[in-house]
Amino acid sequence: MTTLSSMTEPAQSLRDYVLAKQRTVEVVRALQQVLQEAGRTESDEQCRAMLVDLAEDRFNLAVVGQFKRGKSSLMNAIIGRDLLPTGLLPLTSAITTLRYGPQEKVVLRREGWVLEPEVPLAELADYVTERGNPGNEKGLIEARVELPISFLRRGLHFVDTPGIGSSHLENTATTYEFLPKADALIFVTSVEAPLSEAEEAFLRDVRGYVRRLFVVVNKTDLLATAERAEVLNYVREGLEQVLAAGPVRIHPLSARQALAARLAQDEAGLRESGLLDFETDLSAFLSDEKEQAFLVAVLDRADRLLQNETGSAARGGLLASQVGQLEELGQALETLRAGLLRGDKGLAHAEPPSNGAVGPQPKLAELLASKKVMPLARKAGETGVCPICEALGQTVFDFFVRLQSTLVTSAEARRSFADTHGLCCVHTWQFQQIASPQAVSDGYAPLLEHTAAALGQAPEGASADLAAWLDGLLASRDTCPACAALHEAETEQVGRWLAGVAGAAERDVTRRARALCLPHTRAVLAAQPEAAVARRLLEAQAQRLEEIAEDMRSYGLKRAALRSGLNNTDEERAWVRAMLRMAGQRTACS
Ligand SMILES: Nc1nc2c(ncn2[C@@H]2O[C@H](COP(=O)(O)OP(=O)(O)OP(=O)(O)O)[C@@H](O)[C@H]2O)c(=O)[nH]1
Ligand SMILES: [Mg+2]
Ligand SMILES: [Zn+2]
Ligand SMILES: [Zn+2]
């Protein structure tokens with residue numbers, strides 16, 4: 001039987017993640033601000049890249065290792081297509097990223113180029129191999145391959161890197177340059193030359209960059225079964241020495257067999273190749289640990305940056321107050337990271353927090369709820385989100401979480417859900433997005449039975465009358481309990497907004513007025529504020545709309561002229577702000 005706690009857990013952990021992500025964004029943003037003020041352009045730029053990664057939930061899972069070990073082949077086997085070039089000579093010469101896109105395409109990012117040209121998939125080899133682009137002389141930063149494959153959904157960037165340790169030194173350099181951006185790594189070695197000196201040195205370097213490292217021992221098809229155990233043992237022991245982190249899990253497999261089996265839809269062959277076992281581990285990681293691992297990895301990146309900036313050499317360029325700010329940030333970062341690590345069983349591989357002592361630990365949720373994690377005050381600026389919308393979004397979310405658990409546990413709740421005909425159309429689908437199939441089944445079965453029984457007792461009459469009669473059996477905004485919860489919360493929020501501007505300075509009233517969306521401007525007006533407040537509210541709204549429209553127009557112009565390479569994110573996102581303003585947030589709709 002499903003217990004209450006397991007029912008509510010997914011929603012809870014999603015919310016924990018969103019909260020933890022917000023805190024991470026705050027830390028990085030504060031760091032960026034200090035570095036910006038100190039004129040550290042390069043570090044400022046790195047912070048921006050982190051914020052972009054956070055905004056996109058971009059998780060870089062990179063495949064690394066010595067040349068020719070079968071990195072590209074392994075990726076092909078996982079996606080089930082012979083897509084990345086593979087071969088006998090050292091081959092991959094540029095970072096190649098597979099990521100989700102509704103249509104197959106290759107986009108090239110090049111140094112010093114604003115435009116990102118698209119090329120056909122068939123021409124990929126001309127850009128990412130030694131033959132087509134020796135030593136990456138074409139200056140590619142990345143070939144981005146977009147594919148409609150579900151494995152790549154939810155922000156996963158699956159990255160092929162050039163092999164290290166070959167005579168092509170540029171290839172080694174390219175991969176090392178990429179390492180700081182990696183969130184987790186798959187290290188590929190192979191049975192015919194396991195753990196060379198170059199590989200050992202590489203592994204030692206790599207250890208400093210990521211907490212999550214998968215080790216694949218490829219090409220098991222080259223060994224007779226009898227030899228296998230011996231070679232694998234050798235690799236395992238070697239790894240344990242190099243990584244000095246206790247038992248190491250290795251994944252022996254044959255990428256070649258796996259791809260052939262997958263293309264031939266040969267289930268037994270695929271199992272035999274060893275790939276399925278590896279994929280099971282990988283998927284478990286991606287679904288259970290990835291989110292937290294991602295935030296920890298970003299914090300690790302921020303920490304490295306911060307350490308660099310406060311290191312003795314850099315200190316000279318900073319004001320004492322800036323050093324102080326950075327130190328304070330360092331503490332906030334450490335607290336947040338330690339909380340994330342404790343909250344996540346899956347990250348057991350990570351080092352313990354440096355202070356060593358571990359007493360009873362607060363749960364992540366508690367840690368996040370206490371504002372201790374992030375001592376810096378949020379900058380009093382405009383977030384672009386209407387505060388009433390934000391509160392209402394939270395209200396519906398809480399409502400759905402409660403609804404889902406009561407539908408599972410309480411017959412009374414199921415009955416009343418059926419009596420009131422369920423949720424309105426908008427909320428039905430919002431509920432579906434967060435509810436488990438079990439909660440939906442438990443809740444909707446009685447509703448359907450109830451409706452079926454009513455239909456069986458339809459009155460005699462003309463069809464037009466029947467339509468009206470049927471209306472009475474359908475949920476509407478008037479009967480929907482989520483709509484009702486929203487309505488109540490809205491009244492309360494409007495009251496708070498009005499209390500907030502009562503007696504406030506003019507500038508403050510304007511700032512608060514600008515934050516509201518139009519539907520909530522209306523809601524505030526309907527509560528009949530003083531005439532001066534009403535006037536200011538309308539003025540502020542008109543001004544905001546003009547500003548956004550201006551951004552949209554100039555975005556349209558640039559887009560037409562350039563197609564991409566926009567550098568003003570305000571303009572780029574103006575269309576989203578326009579919709580938010582005109583309609584409010586999606587989750588606050590009723
Ligand atoms: N026998 C055998 N050969 C394999 C297997 N996987 C890859 N190979 C071969 O190993 C060679 C190198 O494979 P790639 O996938 O290009 O290796 P890579 O690590 O991407 O190489 P670089 O891009 O040069 O770093 C190719 O000839 C592959 O066919 C395997 O499981 N078994
Ligand atoms: Mg390769
Ligand atoms: Zn709103
Ligand atoms: Zn509703």
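H427 is buried, with a relative accessible area of 0%; "buried" here means under 20% relative accessible area, "exposed" over 50% and "partly exposed" in between, using a 1.4 Å probe and protein chains only. This is a predicted model, where local features need pLDDT of at least 70, side-chain atom pairs count only at pLDDT 80 or more, and totals for chains, interfaces and linings use all residues. As for bookkeeping, residues are numbered from 1 along each chain as its sequence is written, chains are lettered from A and ligands numbered from 1 in the order in which they are written, and side-chain values use heavy atoms, with hydrogens and water left out.

So what does H427 hold on to? Its ND1 is one of the protein donors of the zinc ion (ligand 4), along with the SG atoms of C424, C480 and C483, lying 1.9 to 2.4 Å from the metal. A donor is an N, O or S atom within 2.8 Å of the metal (3.2 Å for Na, K and Ca), and sites may look incomplete because water is not among the atoms. Along the chain, the donors of ligand 4 are spaced C-x2-H-x52-C-x2-C. Their angles at the zinc ion run from 104 to 114°, which makes the arrangement tetrahedral; that label asks for four donors with all angles between 85 and 135 degrees. For reference, the ideal angle for four tetrahedral donors is 109.5 degrees. C424 is also buried, with a relative accessible area of 3%.

## The other zinc

The zinc ion (ligand 3) has C386 (SG), C389 (SG), C517 (SG) and H520 (ND1) as its protein donors, lying 1.9 to 2.4 Å from it. The spacing for ligand 3 reads C-x2-C-x127-C-x2-H. C386 sits in the loop between α13 (364-369) and α14 (387-409), and H520 in helix α21 (residues 518-526), so this pair ties together parts that are 134 residues apart in sequence. Helices (H or I, at least four residues) and strands (E, at least two) are DSSP runs, numbered from the N terminus. Both C386 and H520 are buried.

The geometry at ligand 3 is tetrahedral too, because the 4 donor atoms subtend angles of 98 to 113°.

## Magnesium and ligand 1

The magnesium ion (ligand 2) is coordinated by S72 (OG) and T92 (OG1), at 2.1 Å. S72 belongs to helix α3 (residues 71-79) and T92 to the loop between α3 and β2 (96-100), so the pair ties together parts that are 20 residues apart in sequence. S72 counts as buried at 8% relative accessibility, and T92 does at 9%.

T92 turns up again around ligand 1, which is surrounded by 21 residues; the closest are K71, S73, L91, T92 and D221. To be counted there, a residue needs a heavy atom within 4 Å of the molecule. There are polar contacts to go with this, meaning pairs of N or O atoms within 3.5 Å. D221 puts a polar side-chain atom 2.7 Å from a nitrogen atom of ligand 1, R256 puts one 2.9 Å from an oxygen atom of the ligand, and a polar backbone atom of G87 is 3.1 Å from an oxygen atom of ligand 1.

## Rings and charges

Rings of Phe, Tyr and Trp (its six-membered ring) pair if their centres lie within 6.5 Å, with planes under 30 degrees apart counted as stacked, over 60 as edge-to-face and the rest as tilted. The count comes to 10 aromatic pairs. One of them is F214 with F285, edge-to-face at 5.5 Å centre to centre and 75° between the planes. F214 is in strand β8 (residues 213-218) and F285 in helix α10 (residues 275-310), so the pair ties together parts that are 71 residues apart in sequence. Both F214 and F285 are buried; for F214 the relative accessibility is 3%. Ring pairs also link F59, F214, F278, F285 and F294 into a cluster.

F214 has a charge over its face as well: R212, at 4.4 Å from the ring centre. The rule is NZ of Lys or CZ of Arg within 6 Å of the ring centre and within 35 degrees of the ring normal. K138 is placed over the face of Y127, at 4.8 Å from the ring centre.

Most residues other than glycine have a negative phi. K68 is not a glycine, yet has a positive phi of about 65°; its place is in the loop between β1 (59-65) and α3, and it is partly exposed at 33% relative accessibility. N136 has a positive phi near 50°. That residue lies in the loop between α4 (125-128) and β5 (140-147) and is buried, with a relative accessible area of 13%.

Notes
Tetrahedral: all angles 85-135°; square planar, octahedral: opposite > 155°, others 65-115°. Polar contact = N/O pair within 3.5 Å; in protein donor to acceptor, adjacent residues only side chain to side chain.
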